[in-house]
Amino acid sequence: MATSSVILPSARKFLVVAAALLLVLGICACRRGSKNANANGGTSAGDNSDPEKSKREAQALVVQGKELYKNDQDEQAAKAFEDAIRLQPDLAEAHLRLGMAYAALERKPEADDSYRKAIELYRKLIQSNPKDAESFFNLGEAHGFLHQDEEAVRNYRQATRLRPDDEEAFYQLGMAEIRLAHYPEATAAFKKALELDPDDYRATDAIEIAKEGAQRIKEGKKHAEDMLKKEQENENANANGNANTNSNSSGRPTPKRTPATPKRSPAKPQ
């Protein structure tokens, strides 16, 4: 009995130590698991449990993508815009900018799809807010990238009406008018752009292009008028010549010499 009383306290001590070790190991495992979860991002990029947070993150990605695009880092820019769209599928600017990045990467079909989606979303924005000058401008951009210049002009012009001090809108309006060969309208737009920013060398160069285009049209019209006048003169001359020929051929030919009057036979004597 004495021996068992000695062993019992030793066994109790061993159990206490073992329990402590298990507790420590459990705590370490929990910390490791927590660390791995944080390393994996905790929540995925597409987690929309907080819409406002997703919207802010998407807009931040668009800003980041624009900076990358400006620095010719087109692949990274496209990735940023794609991530923005995953977070905010209805973010119109992200689709527009993604199209621009795809175009720079010579991925035209994907670029055109992005522009069409941007047009769809910007139209919805305009319906809800007809005074949204930025949306009208960007809608003009999307149509312009798709070579839909008449639509581009319509939207750029509305952007200038809503925001008369937007020099860029006037410049882009002028460029779209040039593509339509509307040179007087283009010249007027560039002049307004230069009023707002006299240092915009793009508008200075473009206004010369518009003037040259207007001069070519003027010369072309004059050439066409001269050609038409010559054709009419030739037609009139041909008509007169044919009339003279026809009048001569309709009567009997004029004899060279009038035939002599035949002599009467003398009357026979009765």
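Biologist: What pattern does the protein follow, read along the sequence?
Modeller: Along the sequence the pattern is α-α-α-α-α-α-α-α-α-α, and the protein has 10 helices and 0 strands. Helices (H or I, at least four residues) and strands (E, at least two) are DSSP runs, numbered from the N terminus. This is a predicted model, in which local features need pLDDT of at least 70 and side-chain atom pairs count only at pLDDT 80 or more, whereas totals for chains, interfaces and linings use all residues. Residues are numbered from 1 along each chain as its sequence is written, and side-chain values use heavy atoms, with hydrogens and water left out.

Biologist: And how much of the protein counts as buried?
Modeller: Of its 270 residues, 29% count as buried, where buried means under 20% relative accessible area, exposed means over 50%, and partly exposed lies in between (1.4 Å probe, protein chains only). The protein exposes about 19,300 Å², of which carbon and sulfur atoms supply 54%; accessible areas come from the Shrake-Rupley method with a 1.4 Å probe, and for residues only the protein chains shown count as cover.

Biologist: Switching to charges, how many salt bridges are there?
Modeller: The count comes to 20 salt bridges, taking a salt bridge as a side-chain nitrogen of Lys or Arg within 4 Å of a carboxyl oxygen of Asp or Glu. Side chains of opposite charge can pair when their charged atoms come close.

Biologist: What does Arg202 pair with?
Modeller: Arg202 forms a salt bridge with Glu168, and their closest N and O atoms are 2.7 Å apart. Arg202 lies in helix H10 (residues 201-250) and Glu168 in helix H8, so this pair ties together parts that are 34 residues apart in sequence. Salt bridges that share partners join Glu167, Glu168, Asp200 and Arg202 into one network. Arg202 is partly exposed at 26% relative accessible area, and Glu168 likewise counts as partly exposed, with 26% relative accessibility.

Biologist: Where does Asp200 lie, and what does it touch?
Modeller: Asp200 is in the loop between helix H9 (183-196) and H10. Not counting residues up to four places away in sequence, Asp200 touches Glu167 and Leu194, a contact being heavy atoms within 4.5 Å.

Biologist: Is Asp200 buried or exposed?
Modeller: Asp200 counts as buried, because its relative accessibility is 5%.

Biologist: What about Arg179, which side chain does that one meet?
Modeller: The side chain of Arg179 meets that of Asp149 in a salt bridge, at 2.7 Å from N to O. Because Arg179 lies in helix H8 (residues 167-179) and Asp149 in helix H7 (residues 149-162), the pair ties together parts that are 30 residues apart in sequence. Arg179 is partly exposed, with a relative accessible area of 41%, whereas Asp149 is buried, with 12%.

Biologist: Now pockets: what is the volume of the largest pocket, and what lines it?
Modeller: The largest pocket has a volume of about 250 Å³ and is lined by 15 residues, of which Asp90, Leu91, Ala92, Glu93 and Leu125 lie nearest its centre. On a 1 Å grid over the protein atoms alone, a pocket is an open set of points where a 1.4 Å probe fits, with protein on both sides within 12 Å along at least five of seven lines, and lining residues have an atom within 4 Å of a point. Grid points are joined across faces, edges and corners, and the volume is the space filled by probe spheres set on the points.

Biologist: Which helix gives the most to that lining?
Modeller: H5 gives the most to the lining of the largest pocket, with 4 residues.

Biologist: And which residues line the second largest pocket?
Modeller: Lys66, Tyr69, Glu93, Leu96, Arg97, Met100, Glu134, Phe137, Asn138 and Glu141 line the second largest pocket, and H2, H4 and H6 are the elements that give two or more residues to that lining. Its volume is about 160 Å³.

Biologist: Last one, what is Asn138 in contact with?
Modeller: Leaving aside neighbours within four places in sequence, Asn138 is in contact with Leu96 and Tyr122. Asn138 is found in helix H6 (residues 133-145) and counts as buried at 6% relative accessibility.
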